[in-house]
Amino acid sequence: MQSGVKEKKTYEIFLIGDTGNVARHGHDPVLETMCSHFDKGQHSAVIFLGDNIYPKGLPPEGAILRKDAENALIAHKEALKDYHGKVLFISGNHDWNKGREGGYEYILRQEKYLEKLFGKSVMYPTNGCPGPTEINVNPNVTLVLINTQWWLQPGFRPIGQECGCRVESEEDFFKHLITILESNKDKRIIIAGHAPVYSYAIHGGRYKLRHHLFPFTIYHRKAYFPLPILGSLLPIYRKYFGAKEDIAHPRYRHLRKRLIEIFKNYPGIIYASGHEHNLQHISKDQNHFIVSGAGSKLKYVLQTGKNLKFGMKAKGFFKLKFENEGSVYISAWVIDADSEKGKMVYEYKID
């Protein structure tokens, strides 16, 4: 990719999601492994891809889970206390009161608490708005942050200038997104949203035989309560109709369909997400889709698929390395007891 006469500098972006269950006190192995990659001589950014607090975001003061939720965010800050680069958070369904009504207040509290911790705004899009938010981190690299949970959230959702949002309608969101992509089409564009566009795991409707025989293992790996035949109803429902956090859900399908239509006009886009508790790299229509939701929890993922280049169930993160000549190296790293920097389990070059 050519960038004209713009100054060319290498740049790194660390993608890590679903970190809401990190160690509240002491050392967290995933965050420590990621932080060992930081180099003060290297320009970089870290994007936390949502679900920053389990089980349901930041409750009001005095609530039984408030202190634990605060400690989750403090653990993120402590891990990054010596980090020199840009820190960005987006929100996921758990941050919005686990996708329940009243989630708007939860996300506003988290945004303000993170701002207090880091001394500046780090959560985007701000005010719980849908976005898109454009952040130019490098002459050759542009980030676009979107709030996918806004599309899936029941109850009140902020929209319009009266709520501090730049877009006035759902269709206006897509118009703004196209404008941003068009104005940055000579650069590398990274779009980050919590919900995946493609997935070869549970939210993408990919189930194993055991989920049909023991359907409750979808929610807890040790819930081996057999329901043969009847047990298939739950996986089938989630694959073809979908819970609200599944790709098959009508609201999710609407957002996904429009994003796919738009992305096809801008080959080379990298879309990064969390939500699935695993690591995936999917390539389709000359674009790349990364799922990096293995920051603190794990769920199965397929290892083979038509457009799946990599899938792994292991705690870790993705790193993007933007080289001077325009190529990008996508690498996946997992924790390793024998190495401070972990183990690189996958690498792919985009020219």
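Modeller: Happy to; we will start with the cysteines, then turn to salt bridges and sheets. First, this is a predicted model, in which local features need pLDDT of at least 70 and side-chain atom pairs count only at pLDDT 80 or more, while totals for chains, interfaces and linings use all residues. Residues are numbered from 1 along each chain as its sequence is written, and side-chain values use heavy atoms, with hydrogens and water left out.

The structure holds 1 disulfide. Its partners are Cys129 and Cys165, with sulfur atoms 2.0 Å apart. This pair links distant parts of the chain, 36 residues apart: Cys129 sits in the loop between α3 (103-118) and β4, and Cys165 in the loop between α4 (148-152) and α5 (170-183). Those helix and strand names are DSSP runs numbered from the N terminus, with helices (H or I) of at least four residues and strands (E) of at least two. The torsion about the S-S bond of Cys129 and Cys165 is about -85°, so the disulfide is left-handed.

Are these two cysteines buried or exposed? Cys129 is buried, at 5% relative accessible area, and Cys165 is buried too, at 4%. Buried here means under 20% relative accessible area, exposed means over 50%, and partly exposed lies in between (1.4 Å probe, protein chains only). What about Cys163? The closest cysteine sulfur to that of Cys163 is in Cys165, 5.5 Å away, which is too far for a bond. Cys163 counts as buried at 18% relative accessibility, and Cys35 is also buried, at 18%.

Now to the salt bridges, each a side-chain nitrogen of Lys or Arg within 4 Å of a carboxyl oxygen of Asp or Glu. By this rule there are 13 salt bridges. One of them lies between Arg157 and Glu170 (3.5 Å, N to O). Arg157 is in the loop between α4 and α5, while Glu170 is in helix α5, 13 residues apart. Arg157 is partly exposed at 23%, and Glu170 is partly exposed at 23%.

Elsewhere, Glu61, Arg66, Lys67 and Glu70 are linked in a network of salt bridges. Arg66 is buried at 11% and Glu70 is buried at 14%, whereas Glu61 is exposed at 67%.

Finally, back to β4 and its sheet. An open sheet of 7 strands runs in the order β4-β5-β6-β7-β9-β8-β10, with mixed pairing. Two strands count as paired if DSSP finds at least two bridges between them. β4 (133-138) and β10 (308-312) are at the edges with a single partner strand each, so one side of each is left without a neighbour in the sheet. Inside this sheet, β6 (residues 188-192) and β7 (residues 270-273) pair in the parallel sense over 3 bridges, with Ile190 standing opposite Ile270 in β7.

Definitions and conventions: Disulfide = S-S within 2.5 Å.
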